[in-house]
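Trainee: Hi! Could you walk me through this one?
Mentor: Happy to. Have a look, then ask away.

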Amino acid sequence: MNYILHLLIMIGIYMILSYGLNLVVGFGGLLSLCHAVFYGIGAYACTLLMMKCGLPFLPAILLTILITGICALIVGFPALRFRGDSFVIVTLGFQMIVFTVLYNWVDLTRGPYGIPGIPRPVIAGYEFTTLPEYLIIVWTFLILIAVVLFIIYKSPFGLALKALRDNEMAAEGLGKSPVHLFLYAFVISGMTASVAGGLYATYVTYIDPTSFTLDESIFLLTVLLVGGTGNRIGPFVGTVFMILLPEALRFLGMPDAVAANARQMIYGLTLILLMFFRPQGIAGKYMVR
Amino acid sequence: MRTEGLKIKNLSKAMNGLKIVDRVTATFLPGRITALVGPNGAGKTTLFHLITGELKPDMGEIFYRKKKIAGLPPYKVARNGIGRLFQDVRVFENLTVFENVASACYSERSETPWFPFLHIKGLRSFNRDIADRVMFWLEFGGLADLKDTPASSLSYGQQKILAITRIMAAGFSILLLDEPTAGLNPVMIKRVLNILKKIIKEDKSKTIVLVEHNMSVVTEVADWVYFMNEGRISFFGRTDHVLGDQEVREIYLGL
Ligand SMILES: Nc1ncnc2c1ncn2[C@@H]1O[C@H](COP(=O)(O)OP(=O)(O)OP(=O)(O)O)[C@@H](O)[C@H]1O
Ligand SMILES: [Mg+2]
């Protein structure tokens, strides 16, 4: 039972991450390899605000969103001068830089030692500690963020992003400023990821930089591409699929000696087959190039 | 005398040491269809790129509504009221016909991410107004039946009509049309020409500039012609005068 609750909590956190990333990748058509940067900054900012500044959870999360938004602005401004492959490489560069900072700024982050003993969220005097309680808080945030994002997806802004994605020259010719609109999307996406970071940190109560590596960014992108981008169900389908598939493979009853490796290979093979038969993702219409 | 409209003065652009647009001076007046004709590689599309900001001129100025617009980024040129049909059409392929036109109807302000949150109350009537406007323009372009079709599954001709409808819906007063009839069958050409005539007839403040290789089209709709060759405007005047000119006929029509 606890195991299932844990999976549901992780699915909630990853759905927040992928719904936010969807704005940049699915709507904007920009493949970002640094989403874990904002996830990580969110986790560290929230942790430090709670532990060093003694802030309660909710003010800490609000400040975290603000701080991460500013970081996303700083990263996005130079990154969004690029498109296509160059944009991918530039975001990869930021991913590497931020990871290195988290790893080596020992005074602030304790670097590789990580930060243990992160307090659980306390809201209105009530402490969320057990798994069911945590499930409630994560999914409450998920629903709030999803509502905001769905409104944005459906808004003129969402349509303008898709127009820029499909044909930037034509969209700009209709008066849409690529710099502004892409930057808004990038910042919103970073801010939502920071909430996931804060929830993750207070859930596992221990963070270190290895949770926010390039691997994580690639995983997040995979979640989105597998599920399908530019719509409301893709991120959900992708998250459930990518988190539950490896778990499901555990029940195949393979001999222990090969189980771990075999699981990895089946996982990889599934992804390859998926891209082969549904390059636009399980629930996607639009194919990211 | 009112000389609104688009004025170009001494506009030049060189690429790879080659003068693609060479000291071009021209005036495009409202209420009129002006054709820009000339052989392949004359620099017509490049001239459009310079006007809409895709390229920055090396020299020269562009005046529109007493404002200098040369060198502005494309989205700012567009916001000044200058719209363009690209030679390679450029519809939003993954959007429906409706969405393609809708994307042209929104103001800069309504395209901010916070707009829906500040106008939660009025959102429904806002969306209804936009939908009405979109439908009006879809009727205008004769695309209403196709409104839910993805733009990528339209025929080439329908895509061109969609792109023209889009810049009409955006409310531009200057329309730069790069070969709107190229690659279309006679039926579609007729439809495009009817749309152009309707635009000018219904709204005398619109300025249409038409790059066109098909001389019967030029004769049919254009009031005024600029003839461009090797980056320069070598002739201009009333359509029958320019097309009747012996040199134009030799260089361009091979007569
Ligand atoms: N980016 C570029 N770099 C160098 N030369 C270019 C570039 N773009 C266009 N040219 C050259 O500029 C010249 C004019 O091109 P342009 O596309 O403006 O011609 P055009 O009059 O529109 O021709 P067409 O009728 O075939 O469309 C051509 O010789 C072309 O090869
Ligand atoms: Mg051309």
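Trainee: Which residues touch the most other members of the largest nonpolar core?
Mentor: They are A:I13, A:L23, A:F186, A:I207 and B:L196, in a core of 136 residues. A nonpolar core here is a set of buried Ala, Val, Leu, Ile, Met, Phe, Trp, Tyr and Cys residues joined through side-chain atoms within 4.5 Å. Buried means under 20% relative accessible area, exposed over 50%, and partly exposed in between, using a 1.4 Å probe and protein chains only.
Mentor: Before we go on, this is a predicted model, where local features need pLDDT of at least 70, side-chain atom pairs count only at pLDDT 80 or more, and totals for chains, interfaces and linings use all residues. Residues are numbered from 1 along each chain as its sequence is written, chains are lettered from A and ligands numbered from 1 in the order in which they are written, and side-chain values use heavy atoms, with hydrogens and water left out.

Trainee: Which helix gives the largest share of this core?
Mentor: Helix α1 of chain A, residues 2–27, with 16 residues. Helices (H or I, at least four residues) and strands (E, at least two) are DSSP runs, numbered from the N terminus. There is also a second, separate core of 24 residues, which includes B:I8, B:A26, B:V211 and B:M228.

Trainee: How does α1(A) cross helix α10 of chain A?
Mentor: Their axes come within 9 Å and cross at roughly 75 degrees, α10(A) being residues 214–227. The axes are lines fitted to C-alpha atoms, for helices over the stretch in contact, and angles run from 0 to 180 degrees between N-to-C directions. That makes the two helices roughly perpendicular. Angles under 35 degrees count as roughly parallel, over 145 as roughly antiparallel, 65 to 115 as roughly perpendicular and the rest as oblique.

Trainee: And which residues make that contact?
Mentor: Among them are A:Y14, A:L17 and A:L21 of α1(A), and A:F219 and A:L220 of α10(A). Contact means heavy atoms within 4.5 Å.

Trainee: Over to chain B. At what angle do α6(B) and α7(B) cross?
Mentor: Roughly 10 degrees, with axes within 10 Å; α6(B) is residues 156–169 and α7(B) is residues 186–202. They are therefore roughly parallel to each other. The residues in contact include B:I161 and B:I164 of α6(B), and B:V192 and B:I195 of α7(B).

Trainee: What coordinates the magnesium ion?
Mentor: B:T45, through OG1, and B:Q87, through OE1, at 1.9 to 2.2 Å. Donors are N, O and S atoms within 2.8 Å of the metal (3.2 Å for Na, K and Ca), and water is not among the atoms, so sites may look incomplete. The two residues are 42 apart: B:T45 is in helix α1 of chain B, while B:Q87 is in the loop between β6 and α3.

Trainee: How accessible is B:T45?
Mentor: B:T45 is partly exposed, at 23% relative accessibility, and B:Q87 is partly exposed too, at 33%. As for α1(B), eight of its nine residues are buried.

Trainee: Where is A:A124, and is it buried or exposed?
Mentor: A:A124 lies in the loop between β1 and β2 of chain A, and it is exposed, with a relative accessible area of 83%. Its phi is positive, about 50 degrees, although it is not a glycine.

Trainee: What about B:E179, buried or exposed?
Mentor: B:E179 is buried, at 10% relative accessibility. B:E179 has a positive phi of about 55 degrees and is found in the loop between β7 and α7 of chain B.
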